[in-house]
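Subject: Structure handover

Hi,

Here is the structure I promised to pass on. Please open it before reading further; my notes follow.

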Amino acid sequence: MELHDRELILQMTGDDVRLLHTELRQLGHAISAREVRDKRFGDSTSKAVRTFQSKCGLKATGAVDEETAKCIGAVLESLPRFEVKGRVRSKDGGPVAKVLVKAFDRDLRTEELLDEVTTDD
């Protein structure tokens with residue numbers, strides 16, 4: 001995650017926050033579905049960041065600074081990688097473009113969005 005000399009803090013929105021949500025969820029942290037949907041850095045995001053910072057021995061501010069971003073990246077790099085591949089096809093077998101596909105991790109009582117992508121041509 002490139003922060004470009006800034007921090008991610010409460011009430012920020014956008015694609016950088018969306019990426020942060022994805023990375024924190026990959027690390028096992030819970031983020032509010034509303035915050036994920038809105039790409040908003042809210043209370044549950046801040047709590048997840050503070051928990052992560054504490055586990056990494058960083059000052060638990062709840063804001064993502066350069067040091068926190070580097071630590072998140074390092075921990076993610078150490079995790080095993082899983083990849084989901086597939087093709088979205090219509091009934092006649094042709095490709096279907098511009099369809100939102102979501103991948104979930106479903107457990108007995110919980111469901112977590114892992115990622116989402118729009119199909120290409």
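One definition before the notes: a helix here is a DSSP run of H or I with at least four residues, and helices are numbered from the N terminus. By that numbering, helix 3 is followed by G57, which has a positive phi near 75°.

Keep in mind that this is a predicted model. Mean pLDDT for the chain is 91. Of its residues, 100% reach 70 or more. Confidence is highest in helix 3, with a mean of 97, and lowest in strand 2, with a mean of 85.

Helix 1
Helix 1 covers residues 15-26, 12 residues in total. From first C-alpha to last it reaches 17 Å, close to the 16 Å expected at 1.5 Å a residue. Its buried residues are V17, L20, H21, T22, E23, L24 and R25. What do the buried residues of helix 1 pack against? The partners are helix 2 (33-38), helix 3 (43-55), helix 4 (66-78) and strand 2 (111-118). After helix 1 comes G28, with a positive phi near 90°.

Helix 3
The length of helix 3 agrees with expectation, because its 13 residues should span 18 Å at 1.5 Å a residue and its end C-alpha atoms are 18 Å apart. Buried in helix 3 are S44, T45, S46, A48, V49, F52 and Q53. The cover over these buried residues includes helix 1, helix 2 and helix 4.

Helix 3 against helix 4
The two axes come within 11 Å and cross at roughly 75°. Helix 3 is therefore roughly perpendicular to helix 4, as angles from 65 to 115 degrees count as such. Helix 3 contributes V49, F52 and Q53 to the contact. Helix 4 contributes T68, C71, I72 and V75. Sorted by class, the contact has five nonpolar residues, two polar and no charged ones.

Backbone points to check
Most residues other than glycine have a negative phi. Which residues have a positive phi although they are not glycine? Q11 is one of them, at about 75°. Q11 sits in the segment before helix 1. K98 also has a positive phi, near 60°. K98 lies in the loop between helix 4 and strand 1 (100-106). Is K98 buried or exposed? K98 counts as exposed because its relative accessibility is 63%, and the cut-off for exposed is over 50%.

Best wishes

Terms used:
Residues are numbered from 1 along each chain as its sequence is written. This is a predicted model: local features need pLDDT of at least 70, side-chain atom pairs count only at pLDDT 80 or more; totals for chains, interfaces and linings use all residues. Side-chain values use heavy atoms; hydrogens and water are left out. Helices (H or I, at least four residues) and strands (E, at least two) are DSSP runs, numbered from the N terminus. The expected span of a helix is 1.5 Å times one less than its number of residues. Buried means under 20% relative accessible area, exposed over 50%, partly exposed in between (1.4 Å probe, protein chains only). Contact means heavy atoms within 4.5 Å. Axes are lines fitted to C-alpha atoms, for helices over the stretch in contact, and angles run from 0 to 180 degrees between N-to-C directions. Angles under 35 degrees count as roughly parallel, over 145 as roughly antiparallel, 65 to 115 as roughly perpendicular and the rest as oblique. Ala, Val, Leu, Ile, Met, Phe, Trp, Tyr, Cys and Pro count as nonpolar, Asp, Glu, Lys and Arg as charged, and the others, Gly among them, as polar. pLDDT is the predictor's confidence in each residue, from 0 to 100.
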